[in-house]
Amino acid sequence: MNIFRLAGDMTHLASILVLLLKIHTIKSCAGVSLKTQELYALVFVTRYLDIFTDFISVYNTVMKLIYLGSSFSIVWYIRRHKIVRRSYDKDLDTFRHYFLILPCLLLAILIHQKFTFKEVMWTFSLYLEAVAILPQLVLLQRTRNIDNLTGQYVFLLGAYRSLYILNWIYRYFTEPHYVHWITWIAGLIQTLLYADFFYYYFESWKNNVKLQLPA
């Protein structure tokens, strides 16, 4: 554990709390992509298959439970909550997210560190997380009403991955033989997908105007 890893985890946690705050308090999921949330739920399920078999630390286990529980609760809110689901932008959230799953799975079967079920699923979760934000970004481009909480949620998600890159750099220079090319490349691709959003987010903040992405 180092300061960059801790900051990344806390930023990731903050993004989830911001989204849950929006959904639970305002009773609205406007601007939130169900497709992205379903992909994240799949990411966490396949990544944390070891939650009941391999104990690393209390912190590690608690964070896994938070990610799993929050992802499924968000999906439930959008799909089933009688008030929240009315605000879901179904007509705009049309990205065919299922088409992301099979290529990521095939890539994980072909490119992995060890050919075991848990290792392939772990690798699959890395590839899928790298592109899971795409439906959300497409939805934000289509909508003309990006509220502050939704914008903050996406910004914090991107910031979390950026901090993890700093964590990897730090570990590379401080830990012997620390090389994880699959994790690094997937994380870099994921961070690059946020580049356009970051630009317009900072522009809106600097000019004190409402956040809008180009169509």
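Reader: Where do I start with this chain: what share of the contacts between residues at least 6 apart in sequence join residues at least 24 apart?
Author: In this predicted model, 75% of the contacts between residues at least 6 apart in sequence join residues at least 24 apart.

Reader: OK, and how many helices and strands are there?
Author: The chain has 9 helices and 0 strands. Going along the sequence, the pattern reads α-α-α-α-α-α-α-α-α.

Reader: What about its radius of gyration?
Author: That comes to 17 Å, close to the 17 Å that the globule rule gives for 215 residues, so the chain is as compact as a globular protein of that length. The C-alpha trace spans about 45 × 40 × 35 Å along its principal axes.

Reader: How much of the chain is buried?
Author: Buried residues are 50% of the 215. As for the surface, the chain exposes about 11,700 Å², and 67% of that comes from carbon and sulfur atoms.

Reader: Switching to helix pairs. At what angle do H6 and H7 pack?
Author: About 145 degrees, with the axes 12 Å apart. H6 covers residues 134–142 and H7 covers 148–174.

Reader: Is that crossing left-handed or right-handed?
Author: H6 passes H7 in a left-handed crossing.

Reader: Which residues meet there?
Author: From H6 you've got Gln136, Leu137 and Leu140, and they meet Thr150, Tyr153 and Val154 of H7. Sorted by type, the contact has 4 nonpolar residues, 2 polar ones and no charged ones.

Reader: Is Val18 buried or exposed?
Author: Buried: its relative accessible area is 14%, and the cut-off for buried is under 20%.

Reader: Now the loops. Where's Ala132?
Author: Ala132 is in the loop between H5, residues 117–131, and H6. Ala132 is buried, with a relative accessible area of 0%.

Reader: What is Ala132 in contact with?
Author: Setting aside neighbours within four places in sequence, Ala132 is in contact with Thr36, Leu39 and Tyr40.

Reader: And how far is Ala132 from Asn2?
Author: Those two are 130 residues apart in sequence and 26 Å apart in space, going C-alpha to C-alpha.

Reader: Where is Lys27 then, and how accessible?
Author: Lys27 is in the loop between H1, residues 3–26, and H2, residues 34–47. With 30% relative accessibility, Lys27 counts as partly exposed.

Reader: What about phi of Asn208?
Author: Asn208 isn't a glycine, yet its phi is positive, about 55 degrees. Asn208 is in the segment after helix H9, residues 195–207.

Reader: Is Asn208 buried or exposed?
Author: Asn208 is exposed, at 71% relative accessibility; the cut-off for exposed is over 50%.

How values were computed:
Residues numbered from 1 in each chain as written. Predicted model: local features only at pLDDT ≥ 70, side-chain atom pairs only at ≥ 80, totals over all residues. Heavy atoms only, no water. Axes fitted to C-alpha atoms, helices over the stretch in contact; angles between N-to-C directions. Helix = DSSP H or I, 4+ residues; strand = E, 2+ residues; numbered from the N terminus. Left-handed = near helix turned anticlockwise from the far one by under 90°. Contact = heavy atoms within 4.5 Å. Nonpolar A, V, L, I, M, F, W, Y, C, P; charged D, E, K, R; others polar. Rg over C-alpha atoms; globule rule 2.2 N^0.38 Å. Buried < 20%, exposed > 50% of the residue type's maximum accessible area, 1.4 Å probe, protein only. Areas by Shrake-Rupley, 256 points an atom, 1.4 Å probe, with all protein chains shown as cover.
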